[in-house]
Amino acid sequence: MTDANRPPLVITMGDPAGVGPSITVSAWNALQGEADCAFFVIGAPDLYQGEVPTQTISDPSEASGVFGSALPVLPLDAFPLPVRGQPDSRSAPAIIASIEQAAAFCLSGAADAVVTNPINKALLYAAGFTHPGHTEFVAALCNTATGGAAQPVMLLTGGGLRVALATIHIALKDVFTTLNMEDLVKLGKIVDTAMRQDFGLTSPRLAFTGLNPHAGENGTIGREEIDIINPAADQLRSAGIDMSDARSADTVFAEARDGRFDAIISMTHDQGLIPVKTLDMWGGVNTTLGLPIVRTSPDHGTGYEAAANGTARPDSLIAAIRQARLIAGHRKETA
Ligand SMILES: NC(=O)c1ccc[n+]([C@@H]2O[C@H](COP(=O)([O-])OP(=O)(O)OC[C@H]3O[C@@H](n4cnc5c(N)ncnc54)[C@H](O)[C@@H]3O)[C@@H](O)[C@H]2O)c1
Ligand SMILES: N[C@H](C(=O)O)[C@H](O)COP(=O)(O)O
């Protein structure tokens with residue numbers, strides 16, 4: 001099956017007050033001539049109508065035939081549309097429904113991958129959403145549907161880096177009690193598998209960052225490297241995985257960019273995402289590893305100001321669409 005004959009990609013609406021609608025329209029404008037990137041969006045048709053030609057569809061199988069001439073929209077139940085730049089909690093059920101439907105289409109094989117538009121977590125928490133973000137929500141949807149226990153891993157790519165996170169949306173003070181050897185071993189295995197299966201690498205070289213300055217300076221400024229990270233690296237090496245001991249976080253990203261490592265596992269959210277977003281805010285992509293479905297996302301958030309000003313850039317969404325297609329293709333080749 002060529003890419004053009006594969007099921008389409010599905011894009012979620014994201015927060016309708018944010019940049020999502022505008023970057024979806026721009027992405028369709030940029031990609032409408034590329035049949036292998038055919039996608040449909042699950043959203044409110046009024047968000048897109050008038051910006052580009054749109055066509056409502058009732059099933060994902062209609063999307064590829066429509067994509068070359070109009071943006072295919074699978075409509076959500078009607079809800080009050082917010083003003084651009086002004087988040088409205090009444091959007092929350094539709095935002096969540098869009099993600100749920102998209103994951104279900106991927107699980108059934110009707111869509112090849114889901115690309116999520118940004119959500120505002122605080123707005124969803126206020127509406128009773130209990131997951132830290134898409135990463136955990138999509139994993140929970142997969143696990144409920146399959147009866148599995150997939151552990152999702154957040155990976156950001158951009159600026160020549162691939163960076164997976166050992167801890168994500170938790171308070172910094174909780175990192176010290178959350179990090180443990182067992183989880184790092186599981187994480188290292190998921191990242192190694194994903195580098196092979198999703199990114200097509202045959203011998204991935206992985207690195208752990210240290211948590212403390214200078215990776216703890218032999219235990220004199222923190223012991224997490226000696227007690228947790230390096231023992232996890234030992235276990236991974238015993239399992240045949242090319243994993244470094246904890247390396248100083250202030251230099252390991254430069255080492256990876258110079259070609260020494262294929263992916264880094266970072267101990268905290270900002271330790272890992274600052275280099276990626278600083279180097280490549282507009283080309284960066286967030287990918288969830290370890291799931292039975294492919295999920296990518298732009299690396300930026302809801303960008304309310306850009307949405308209100310009409311200055312939203314679609315580059316990161318376009319990169320996320322291309323990456324979703326590539327990963328789905330690699331998975332099929334290695335299945
Ligand atoms: N994938 C996701 O769903 C995702 C990712 C990151 C942040 N968020 C959420 O987004 C919300 C806002 O977070 P934030 O302010 O830290 O980050 P942000 O990425 O929304 O904004 C950072 C800066 O980038 C600008 N910006 C963002 N997207 C843009 C685009 N496409 N074009 C031009 N400029 C753009 C913003 O206006 C702002 O100046 C939070 O609720 C956060 O949880 C969601
Ligand atoms: N940590 C991500 C970032 O800063 O880009 C982001 O919040 C997205 O999280 P989810 O993909 O889990 O929604």
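## Ligand shells, domains and annotated sites

K277 is in contact with G284 and D299, leaving aside its neighbours within four places in sequence. This is a predicted model. The protein is divided into domain 1 (1–150 + 291–335) and domain 2 (153–288). Ligand 2 lies between these domains, because domain 1 and domain 2 both give residues to its shell.

**Domains and their contact**

- The C-alpha centres of domain 1 and domain 2 are 28 Å apart.
- In the contact, domain 1 takes part with 21 residues and domain 2 with 19 residues.
- On the side of domain 1 that touches domain 2, α5, β12 and α12 each supply at least two residues.
- Helix α12 gives the largest share of that side, with nine residues.
- By class, the domain 1 side of the contact has seven nonpolar, nine polar and five charged residues.

**Ligand 2**

- Which residues are around ligand 2? They are G133, H134, T135, H269, L273, N286, S297 and D299.
- The shell around ligand 2 divides into one nonpolar, six polar and one charged residues.
- D299 belongs to the shell around ligand 2, and D299 is also in contact with K277.

**Ligand 1**

- Ligand 1 is surrounded by 19 residues, and the closest are H300, G301, G303, A306 and R313.
- Here α4 (121–126) and α11 are the elements that give two or more residues to the shell.
- The shell around ligand 1 has seven nonpolar, nine polar and three charged residues.

**UniProt binding site: H134, T135, K277, N286 and R295**

- The unreviewed UniProt entry lists H134, T135, K277, N286 and R295 for "binding site".
- Of these, H134, T135 and N286 are among the residues around ligand 2.
- K277 has 18 C-beta neighbours inside 10 Å, so K277 counts as partly exposed.
- R295 is part of strand β12 (residues 295–298).
- Is R295 buried or exposed? R295 has 27 other C-beta atoms within 10 Å, and burial takes 20 or more, so R295 is buried.
- Apart from neighbours within four places in sequence, R295 is in contact with A113, V114, T116, V138 and T288.
- Strand β12, which holds R295, also supplies at least two residues of the domain 1 side that touches domain 2.

**UniProt binding site: H169, H214 and H269**

- The unreviewed UniProt entry also lists H169, H214 and H269 for "binding site".
- These positions are spread over 101 residues of sequence, and in space they are up to 23.8 Å apart between C-alpha atoms.
- H169 is in the loop between β7 (161–165) and α6 (172–178).
- With 13 other C-beta atoms within 10 Å, H169 is partly exposed.
- What does H169 contact beyond its neighbours within four places in sequence? Its contacts are P132, G133 and H269.
- H214 lies in the loop between β8 (205–209) and α8 (224–238).
- H214 has 16 other C-beta atoms within 10 Å and is partly exposed.
- Not counting residues up to four places away in sequence, H214 touches I221 and S248.

**Helix α1**

- Helix α1 has 12 residues (residues 20–31), so at 1.5 Å a residue it should span 16 Å. The end C-alpha atoms of α1 are 16 Å apart, in agreement.
- Helix α1 is mostly covered, with nine of its 12 residues buried.
- Which residues of α1 are buried? They are G20, P21, S22, I23, T24, V25, A27, W28 and L31.
- The strands that these buried residues pack against are β1 (9–12), β2 (39–43) and β4 (71–75).
- The buried residues of α1 also pack against helices α11 (304–309) and α12 (315–334).
- Helix α11 is also one of the elements that give two or more residues to the shell around ligand 1.
- Helix α12 also gives nine residues to the side of domain 1 that touches domain 2.

Note on methods. Residues are numbered from 1 along each chain as its sequence is written. Chains are lettered from A and ligands numbered from 1 in the order in which they are written. This is a predicted model: local features need pLDDT of at least 70, side-chain atom pairs count only at pLDDT 80 or more; totals for chains, interfaces and linings use all residues. A residue is near a molecule or strand if its C-beta atom, placed from the backbone, lies within 6 Å of it. Ala, Val, Leu, Ile, Met, Phe, Trp, Tyr, Cys and Pro count as nonpolar, Asp, Glu, Lys and Arg as charged, and the others, Gly among them, as polar. Domain bounds come from an automatic or database domain assignment. Helices (H or I, at least four residues) and strands (E, at least two) are DSSP runs, numbered from the N terminus. The expected span of a helix is 1.5 Å times one less than its number of residues. Two residues are in contact if their C-beta atoms, placed from the backbone, lie within 7 Å. UniProt positions are given in the numbering used here, feature names are shortened, and annotations may be inferred rather than shown by experiment.
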